[in-house]
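Biologist: I would like to learn how to read helix packing and sheets in a model. Could you take me through some cases?

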Amino acid sequence: MDDNLAALREQAAAAIDAASNVDALKDVYTSLFGQRGRLTHLLRAIGQRPAAERRERGAELNRIKEEIAQAITQRHTVLEAAAWDAEIAERIDVTLPPRPSPSGLIHPISRTIAEIEAIFGALGFSVAEGPEIEDDWRNFGALNIPEHHPARQDMDTFYLPGRRDGRRRVLRTHTSPGQIRTMTSRPPPYRVIVPGRTYRADHDATHSPMFHQVEGLAVDRAITLGHLKGCLIDFLRAFFDKPLLPVRFRASYFPFTEPSMEVDIGWNRQTGEIGAESDWLEILGSGMVHPRVLANCGVDPREWQGFAFGMGIERVTMLKHGITDLRPFFESDLRWLRHYGFSPLRPPILHEGLGG
Amino acid sequence: MKVSLAWLRTHLETWEPLARIVETLSAIGLEVESATDRGAELASFRIAEVLEAAPHPNAERLRACRVETGTGIVSVVCGAPNARTGMKAVFAPPGSVIPATGLVLKSSHIRGVESAGMLLSEREMRLGDDHAGIVELPADAPVGESYARWAGLDDPVIEVAVTPNRGDALSVRGIARDLAAAGLGRLKPWAAPPVPPAFASPLAWATTWPEACPFVLGRTLRGLRNGPSPRRLAERLEAIGLRPINALVDITNFFTFDLGRPLHVFDASKISGPVLTMRRGRGETFRALNGRDVTPGAEDCVIADASGVVSLAGIVGGEPTGCDDRTAAIFLECALFDPVRIADTGRRLGILSDARARFERGIDVALMPDAVEAATGMILELCGGEASEVVSAGAPPAWRRTATLRFSRLAGLGGLAVPPAEAIGILERLGFTPERHDAASVTVAVPPWRNDIAGRVSLDVAPGFLPAKAARMRDAVVAIEPEADLVEEVLRIRGLDCVPPVSLPPLLAVPAPSLASAAAPIEHARRLLAARGLIECVGFSFLAAGQAALFGGAPESLRLENPIAADLDQMRPTPLASLALAAGRNAARGFPDLALFEIGPAFLEGAPDEQRIMAAGLRSGATPRSWIEPARPCDAFDAKADAFALLAALGVPAESLRITAPGPACFHPGRSGLIGQGPTLRLGRFGEIHPRVVAALGLPRPAVAFEVFLDAVPEPRRPGRRNPPELSPFQPLSRDFAFVLDESVPAGRVLCAARGAERNLIAGVTLFDVFAGPAVGAGKKSLGIEVIFQPRERTLTDAEIEAACRKVVAAVAKATGARLRG
């Protein structure tokens, strides 16, 4: 080994030892193995030697090269470990709060409507809509509620000035005009629900001048009152998530159905528990569509029959979630909304379950 | 309609307990609103005699009484000032519960004197408000007897909510008939023996308006002694909340409730004879029995004598011709009125009465002669005297009609195959008379009191039906409605709970989506906005016209004629108005930092159906305080971000939008914009709320908002097969540019020009700096943008990169006059 090589070996070893961090070591590596590195230079110079020396010189250089490379690798391992140790010595206060990311919420009314749409969707119903400013034919006349009918007075209708198509303009008092719009827009059969805003001139602890209803209509050639009962029982049990929810049907009267029925569910008056068998709670009105309503819309009642129902959205929402007061639904009090709102990332999807 | 159990039992032979009667009534369509058995809580109280009421030895205000209870003499300490020796009182023994307080009474010693019971006041028994002293009973009250029984308070009272179709159920007999039909007993026969006429009636009827009053009966009775009703009648009326007046009036009230047959008695001496006429009103005013002056018009039917109007027909009688204790002769009225006219008049004049409630629902036409005889008999029994012949005017209208039931329809419509014999039995018990009957069907005569069955068919067909179609629809209803009426009768009596529920047959094995393609994005929008941190509100659709005007419109055509309150009279032009009101309320409660949204109707003149569906969001105040990043006030770009995120989620990319300034008037004119697409499509707007609106509604500052017309958002193409993505193996590279340009040039134009400079190469342009100041010169600004180049086929050479950058600079300069910052 010539002195040059011995010196190189020593100098390299000293430089490797002296490198105090990975970057410095990298510089050492470059100074030896880089394009202009000393080792690279020596290796390149082998070719200029006499042929007899080349072999031995080459072998020697390679040995030194291996040696130095190994030393660098070892040193690298040490330095890297030291760097990590230094890095992980840092401490954050893990109890500090994260960046704020305010979360929004879905109003309970929207939630209930979405649940109703999901369940009735599974029962083959589609969702229809209609305007809230209606004419008094669709809101009353077509539904067999003539001008003098007591039911027409009971409803405390809001009127708007002027006329539309020669009829008085009203804020719809129920979502039943949706029934009429469906039946006058296409031929039967029908399975539709119509959720939406409704209006009656009534304002106290249990009445709001604006509220929400969902109307349902199923018309076909052989739909019976048995289907009405089955459909509503299926819905109520799914909605309240009570497979054994007691449901009772009582005879009643509505101008737009015959026979007409009020529907009660079992609950406990004291605790508000749904599904208890101690008391009955009226929850919706229903019946077989009145022949006059079908005929008013041009659907021959000798060929077609079916059922309709109407349900208060706020009422079932209050029952399902134990909300006791109606008025805050429309007051947009941040505290109430935060308390009763629903996550937008858990929409009612039947295969995930309807629990909010 | 209230009915007491004892009264009900005068028509119904039944021993069913109250609970079962109540349950059955509700099941068959006579919904029970309340059933009160006052007797139950009074059951332990007995009539007692105070043998001695001595001053309490140790208490000035108390008395020590010796009381005979019928089962022994006890000592009672009493604080009532009216307790005195010899009086009859109501005694509560130890162990009984005081109704007013719910406390159980115990024997005790009060200041050293034993008190083994209590003497009760009206209020303690919940029979009235009087608590000044204990109840004092008449001297002949039997000691030891149950107080409730003696006082007639042991009779449970049921209140039924009678539906508008069931005029016949506004009578005790009607309710009894339904109960009997449902198997809860037997309807007792009822008959009114005719009273032979003793003289010719000096008063007669005439009707000049047969459409309003087709038929009326009358009778004069004389030699009467009027006065308080006997206790049995008075108690019967009191039990259902009617105040006894005098025997003659009480008798008419009795029949109103007993048979649902309103009657009226005129004091014959106060009538200017000899004819009472049913006619149109002429604007004359008379004082009605309710103490109010009434002025019937030409559409109101009145009864007039020679002096003028004496009664508002079928609704309320007149005070001047009413009966009092001195009445010795009367003229009895038993009339039939047109239900619609009665309802119209009652509503027009604002008078509710028991008579009106029955006439407007329809009464039993055929009962009129019998009702006259029954009332005559009762008057003669209670008041003595004699009766004239019966006089009449008009003629009874035809009421006989039939209805046919095909038994197969019980299952076919009602879902329950009731055996024919059972169905017929139910109809018979309800008063229907089978006329023809075969294996498949039965035809029944409809009883005269059931005006709701097989009635006249009136349709209100859709506007635009040709006469032939209208006639065909009418024929269909005439053919089928009476049968539906009978199915309903059979089912409600048989019990709707007996109908087996049947799930609807599925239309598809896997159900189709229930939302229409236009409605689904609205749900998506709702979730998107909530996921962005906004809280959903549902606001009233109406607000004060002045508030609506702040948001762009309060047209007369969208103002309610009969608002429930002055501040709820105008349909809102945008849900943003509701949100602003909500923000004001929340700020007033101490919550100024808000992020609210609503998706709902905006009512606009000229819009289809006068309403559009809009999403609106409002942010106010500042972002949350945090150690890690400072709070900052919200600004117009928060609102713009919400709107853009919403539109992007609905398939409208931000690059396709056209933004122009300013927004509409409710926004700050310098800090708001309109969002459009293409030359004409208006999608929404955003910006800071106008300071005038902020001040008017007390909004927290700053307040920013956006509005998006969801019904204007174009439906995205249905996601079908997509082309594979371009996944270049070459790294993108980025270059920054700083442009100086006139302050008035919108930044959007710079971005747009840069983006378009080399479409195949430029993958994105980001504005990262906006700067104005002395360094760039007055009236100038500097924009820093980053451009991302994405090579596709090979790594770019330095020369190619240079060329692309020059293109960017040239394009921006051409579009905006900008130059690269030196």
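Biologist: How are H5(A) and H11(A) oriented, roughly parallel or roughly perpendicular to each other?

Modeller: This is a predicted model, and the idea is to look at the angle between the two axes. Angles of 65 to 115 degrees count as roughly perpendicular. The axes of helix H5 (residues 108–122) and helix H11 (residues 313–321) of chain A cross at roughly 95°, and therefore H5(A) and H11(A) are roughly perpendicular to each other. Their axes come within 10 Å.

Biologist: Which residues make that contact?

Modeller: On the H5(A) side they are A:Pro108, A:Ile109, A:Thr112 and A:Ile113. H11(A) brings A:Ile313, A:Glu314, A:Val316, A:Thr317 and A:His321. Sorted by class, the contact of H5(A) with H11(A) has five nonpolar, three polar and one charged residues.

Biologist: Now to chain B. At what angle do the axes of H6(B) and H7(B) cross?

Modeller: Helix H6 (residues 231–239) and helix H7 (residues 247–258) of chain B cross at roughly 50°, with axes that come within 11 Å. That makes H6(B) oblique to H7(B). The crossing of the two helices is left-handed.

Biologist: And which residues of H6(B) and H7(B) meet?

Modeller: B:Leu233, B:Ala234 and B:Leu237 of H6(B) meet B:Asp250, B:Asn253 and B:Phe254 of H7(B). The residues of this contact divide into four nonpolar, one polar and one charged.

Biologist: Let's turn to sheets. In what order do the four strands of the open sheet in chain B lie?

Modeller: First the general idea: strands of a sheet pair through backbone hydrogen bonds, either parallel or antiparallel. Here the order is S37-S38-S36-S39 in chain B, and the pairing is antiparallel. Strand S37 (762–771) and strand S39 (819–820) of chain B are the edge strands, each pairing on one side only.

Biologist: How many bridges join S37(B) to S38 of chain B?

Modeller: Eight bridges join S37(B) to strand S38 (residues 780–789). As one example, B:Asp769 has B:Gly784 in S38(B) as its bridge partner.

Biologist: Which strands does helix H19 of chain B lie across?

Modeller: Helix H19 (residues 747–756) lies across strand S36 (733–742), S37 and S38 of chain B, and runs at about 150° to S37(B). Helix H20 (residues 798–816) of chain B also packs on the sheet, touching S36, S38 and S39, and its direction makes about 25° with that of S36(B).

Biologist: Finally, what radius of gyration does chain B have?

Modeller: Chain B has 41 Å, whereas a compact globule of 822 residues would have a value near 28 Å. The C-alpha trace of chain B spans about 130 × 90 × 60 Å along its principal axes.

Conventions. Residues numbered from 1 in each chain as written. Chains lettered and ligands numbered in written order. Predicted model: local features only at pLDDT ≥ 70, side-chain atom pairs only at ≥ 80, totals over all residues. Axes fitted to C-alpha atoms, helices over the stretch in contact; angles between N-to-C directions. Parallel < 35°, antiparallel > 145°, perpendicular 65-115°, else oblique. Left-handed = near helix turned anticlockwise from the far one by under 90°. Contact = placed C-beta atoms within 7 Å. Nonpolar A, V, L, I, M, F, W, Y, C, P; charged D, E, K, R; others polar. Pairing = 2+ DSSP bridges. Rg over C-alpha atoms; globule rule 2.2 N^0.38 Å.
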